[in-house]
Amino acid sequence: MRKFLASAEFLAGAAASAVLFSSAAAHADQPRQWEVTFQAPATDMMRQIERFGNYTMWFIVPITILVLVLLLVCIVRFRASANPVPSRTSHNTLIEVIWTVGPVIVLLLIAIPSFQLLTAQYTPPEEAKLTVKATGNQWNWDYEYQVDKTFSFNSAVLQDADRAKAGKEDRALYPRLLAVDNELVVPVNTMTRVLITATDVIHSFAVPSFGIKMDAVPGRTNETWFKAEKEGLYYGQCSQLCGKDHAFMPIAVRVVSDAQFKTWLDTAKTDVPAANKALMAEIDGTNKVAAAGN
């Protein structure tokens, strides 16, 4: 029995390690059914947002329970049958002080870290090494790389009929309604500035794992930034109602190593499809080798 348990623990650990490794190699995170928490953070900013969300729950849960208890007490204790002669009390100094001072203290405890987080979101810790302009259209994105030789390409939702040709038949890695024909490619651990605008109506550039969400407004250029710490595919969507195909306007960001990005960039300046094809072939080959070694 002891040997059986030991073997079971070993197999479970090996399976968990394999799943973890393959997940890290294949993709970072994406929306999942019945998800009730944040996606796994890929930037320090998203970790700060996650910590702030957990922090506020220490206030939300007790307040919700307190209000529920007070409601139940009022329903039971002050119902007509138990309290036929209602109180005519109109003033209680202690209660009024408590319900005034208490919320003020709670709001201060939430406001201070909230303002700190807001300041951090608009204050990049270092100068951007890569600048990309994202332009929202009905209903796709144009990406322009502002490098020595500027180039741009369009990114639209991947149609099912085009999956085989694009080499993206794996729906676990390239989910329906989230996979695109051309991903935004950026290097890992690199401060990336994203300039955001739109050509027609208001869109919104949002990638949950990066902790970014910025409106794309026609005639205006907004700015956000991120520094992805893990390689992989990250998905987002337009988060502003923008018309009939709003649900079919995904964002896909592929984070790669510095060497892979440099190789991709050199080719993408003249031929984006060829650069994407070569990058995918290299990544798939690396993943297969890694999986075989485990």
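**Figure 1. Aspartate 148 is an exposed partner in a salt bridge.** At 69% relative accessibility, aspartate 148 counts as exposed in this predicted model. The cut-off for that word is over 50%. Aspartate 148 forms a salt bridge with lysine 269. The closest N and O atoms of the two are 2.8 Å apart. The pair links distant parts of the chain, 121 residues apart. Lysine 269 sits in the loop between α5 (258-268) and α6. Aspartate 148 sits in the loop between β2 (140-145) and β3 (151-155). Side chains of opposite charge can pair when their charged atoms come close.

**Figure 2. Glutamate 126 and lysine 227 form a salt bridge.** Their closest N and O atoms are 3.0 Å apart. Glutamate 126 lies in the loop between α3 (93-121) and β1 (130-137). Lysine 227 lies in the loop between β8 (222-226) and β9 (232-238). The pair therefore ties together parts that are 101 residues apart in sequence.

**Figure 3. Lysine 262 and aspartate 266 pair within helix α5.** Here the salt bridge has its closest N and O atoms 3.5 Å apart. The two residues are four residues apart in helix α5, so about one helical turn separates them. Lysine 262 is exposed, with a relative accessible area of 54%. Aspartate 266 counts as partly exposed, at 43% relative accessibility. In total, the structure holds 12 salt bridges.

**Figure 4. Glutamine 30 is a buried residue in a loop.** The loop runs between α1 (2-26) and α2 (44-77). Glutamine 30 has a relative accessible area of 6%, so it counts as buried; the cut-off is under 20%. What does the side chain of glutamine 30 lie 3.0 Å from? A polar atom of this side chain lies that distance from the backbone oxygen of alanine 172. Leaving aside its neighbours within four places in sequence, glutamine 30 is in contact with Glu35, Gln39, Ala172, Leu173, Pro175 and Tyr235.

Figure 5. Leucine 173 is among the contacts of glutamine 30. The two are 143 residues apart in sequence. In space, their C-alpha atoms are 9.0 Å apart. Leucine 173 lies in the loop between α4 (163-166) and β4 (184-187). Leucine 173 is buried, with a relative accessible area of 9%.

**Figure 6. Asparagine 276 is buried in helix α6.** The helix covers residues 272-293. Asparagine 276 has a relative accessible area of 8%, so it counts as buried. Which residues does asparagine 276 contact, leaving aside its neighbours within four places in sequence? They are Asn182, Val185 and Trp264.

**Figure 7. A nonpolar patch includes valine 69.** The patch lies on the surface and is formed by Met57, Ile60, Val61, Ile65, Val69, Val73 and Phe78. Together these residues have about 590 Å² of accessible area. Valine 69 is in helix α2. It is partly exposed, with a relative accessible area of 42%.

**Figure 8. Two spans carry a transmembrane annotation.** An unreviewed UniProt entry places the feature "transmembrane region" at residues 52-76 and 97-118. In the model, residues 52-76 are 100% helix and 0% strand. The end C-alpha atoms of this span lie 37 Å apart. Residues 97-118 are likewise 100% helix and 0% strand. For this span, the end C-alpha atoms are 31 Å apart.

Figure 9. The secondary structure comes to six helices and 10 strands. Buried residues make up 35% of the 294 residues. Consider the contacts with a separation of 6 or more: residues 24 or more positions apart account for 67% of them. The protein exposes about 17,800 Å², and carbon and sulfur atoms supply 63% of that area.

How values were computed: Residues are numbered from 1 along each chain as its sequence is written. This is a predicted model: local features need pLDDT of at least 70, side-chain atom pairs count only at pLDDT 80 or more; totals for chains, interfaces and linings use all residues. Side-chain values use heavy atoms; hydrogens and water are left out. Buried means under 20% relative accessible area, exposed over 50%, partly exposed in between (1.4 Å probe, protein chains only). A polar contact is a pair of N or O atoms within 3.5 Å; within protein, one must be able to donate a hydrogen and the other to accept it, and residues adjacent in sequence count only if both atoms are side-chain atoms. Contact means heavy atoms within 4.5 Å. UniProt positions are given in the numbering used here, feature names are shortened, and annotations may be inferred rather than shown by experiment. Patches are made of residues with over 30% relative accessible area and no salt bridge: like charges are joined within 9 Å, nonpolar side chains (Val, Leu, Ile, Met, Phe, Trp, Tyr) within 5 Å. Accessible areas come from the Shrake-Rupley method with a 1.4 Å probe; for residues, only the protein chains shown count as cover. A salt bridge is a side-chain nitrogen of Lys or Arg within 4 Å of a carboxyl oxygen of Asp or Glu.
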